[in-house]
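Colleague: I am new to this structure and would like a close look at one part, the place where the two chains meet. What holds there, and which residues take part?

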Amino acid sequence: VTNRQSPDDRLIAALAERDLSALAELYDRYGRIAYTLAYRILGEAEAAEDVVHDGFLSAWRGAASYRSERGNVRGWLLSIVHHRAVDVLRRKTTFRPAPLEVAEQRAADDDTAEAAAQNIEHATVRAALQGLPPAQRRTIELAYFGGYTHVELAAIMGVPLGTVKGRMRIGLQKLRRALERESDGERAASMR
Amino acid sequence: MNDMTHVVDDLELFALRALPESERARVATHLLRCPACREQARLLEEVALALPETLPQVDVPSGLRARVLGSARLDLAGARRRSAASWLTPARLALVAIALAVTTLGAIDLALIQSVTAARNELAAAQADRDRYSDIAVKVSHGGDTWYMAGREQWTGSGGTLFAPHGPGAAAYVVFHDLRPVTMGAVYTIWLVDADGRWTRAANFTPNGEVTQAVTLDTPVQGFAMCSLTIELQREGKRAGPVVMQSRIGTPAPQ
């Protein structure tokens, strides 16, 4: 059974056994992406650091509750960090209908595309996100990175709730197809 | 809306965390019970979790790794200090309680005295926990009834002993062991169920991460036929979550 486990699953098993070196390895694998996510959501180094610290500690303490059938280790860890970061953001910023430009400043960087292009992994998904119609992309980014609820999004974007939901649905469908293409491409490359 | 109304329309919002907490709880409750929606939610969450990869990676503060590992090291040291508490499994906890009670009564059984000595040595090793367990032991030494609940299915390995002391004004409580963490926003709820199947909420709590955890019930157990532990997303209202463990209980005999 052990041989069928992915390296990440073995890492989590070691984590559940309270192996500090496993935590160090988990951090080395995912610390940067976790911090990148937290920093993007919170926009403050100190708050992002706290969230990542708490997220890894939560993983350390809760490794026994991880179930591989519900998703991979990276996703599990990023979910913890995303969840905590959005909670911190929402506690800090009681909603007020901000103008769209302000909201966008909070949730997006002008140089995102250029800087992200240096990251060659997930190029297909990144391209798919950039290729979405601006309204769909903004809606997804404001929700995921900006911590806005659908009601808040409807208010700041000046559109009905149904439109917000529709933009998310279509946008995520396109991203999902991009992910599937990326996955198919990786499979084909590995068979060559 | 009943619990089996599918939540397909909200799954994108759920995956992007764009639902307010109350609505998120409603969707999460449905997902606990609906494999079809749960699978759909999992696929959408996979897409959402690819979004961080679209970000330009930033430099991580140099001290963060050491801070994470330092906190984990402290946590580990704390767990080792608490290892005495792991000695206090439900059966052993009952032994400690009985042993202390017997000592109080002046019994001279050598084996029990040795048990008491061993128990006291263990308890002394866990200074921070000692008062709590002594308190438990004192309560039990006043007499009372106990029932053990074993974790079901994926909660196998967890358990809890319900103590119903006979002392005047003494509240019933449950000493749990090996409770699993719950998702953010969820709580464990202890219920008392009467013979007619009415569920009464007796306590809400979140696991503290320790090996054992004592929780006092807000409601006396007299007159109830069953004690149950569930996971809930709401701190009040009717039961909605899955049963983690439960046991039949009887009305404690009058002293």
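Modeller: A salt bridge here is a side-chain nitrogen of Lys or Arg within 4 Å of a carboxyl oxygen of Asp or Glu. The model is a predicted one. By that rule, A:Arg61 and B:Asp75 form a salt bridge, with their closest N and O atoms 3.1 Å apart. This pair crosses between chains, from helix H3 of chain A to helix H4 of chain B. A:Arg61 has a relative accessible area of 51%, and because exposed means over 50%, A:Arg61 is exposed.

B:Asp75 has another partner in A:Arg18, where the closest N and O atoms are 2.9 Å apart. A:Arg18 lies in the loop between helix H1 (7–16) and helix H2 (20–42) of chain A, and B:Asp75 lies in helix H4 of chain B, so this pair also joins two chains. A:Arg18 is partly exposed, at 26% relative accessibility. B:Asp75 is buried, with a relative accessible area of 13%.

The helix that carries A:Arg61 covers residues 45–62 of chain A. Its 18 residues should span 26 Å at 1.5 Å a residue, and the end C-alpha atoms are 25 Å apart, which agrees. The buried residues of H3(A) include A:Val51, A:Val52, A:Phe56, A:Leu57 and A:Trp60.

Now the interface as a whole. The contact takes 59 residues from chain A and 48 residues from chain B. About 5300 Å² is buried between the chains, and carbon and sulfur atoms give 65% of that area. The rule finds eleven salt bridges across this interface, and 18 residue pairs are in polar contact there. On the side of chain B that touches chain A, the elements giving two or more residues are helix H1 (11–15), helix H2 (21–33), helix H3 (35–48) and helix H4 (64–81) of chain B. H4(B) gives the most, with eleven residues. By class, that side of chain B has 27 nonpolar, five polar and 16 charged residues.

Further salt bridges can be named. B:Arg65 meets A:Asp28 at 2.7 Å, N to O. A:Arg169 meets B:Asp9 at 3.8 Å, N to O. A:Arg169 is partly exposed, at 26% relative accessibility. A network of salt bridges links A:Lys165, B:Asp10, B:Glu23 and B:Arg26. Over all chains, the rule counts 22 salt bridges.

How values were computed
Residues are numbered from 1 along each chain as its sequence is written. Chains are lettered from A and ligands numbered from 1 in the order in which they are written. This is a predicted model: local features need pLDDT of at least 70, side-chain atom pairs count only at pLDDT 80 or more; totals for chains, interfaces and linings use all residues. Side-chain values use heavy atoms; hydrogens and water are left out. Helices (H or I, at least four residues) and strands (E, at least two) are DSSP runs, numbered from the N terminus. The expected span of a helix is 1.5 Å times one less than its number of residues. Buried means under 20% relative accessible area, exposed over 50%, partly exposed in between (1.4 Å probe, protein chains only). Contact means heavy atoms within 4.5 Å. Buried area is the accessible area (1.4 Å probe) that two parts lose on being put together, summed over both. A polar contact is a pair of N or O atoms within 3.5 Å; within protein, one must be able to donate a hydrogen and the other to accept it, and residues adjacent in sequence count only if both atoms are side-chain atoms. Ala, Val, Leu, Ile, Met, Phe, Trp, Tyr, Cys and Pro count as nonpolar, Asp, Glu, Lys and Arg as charged, and the others, Gly among them, as polar.
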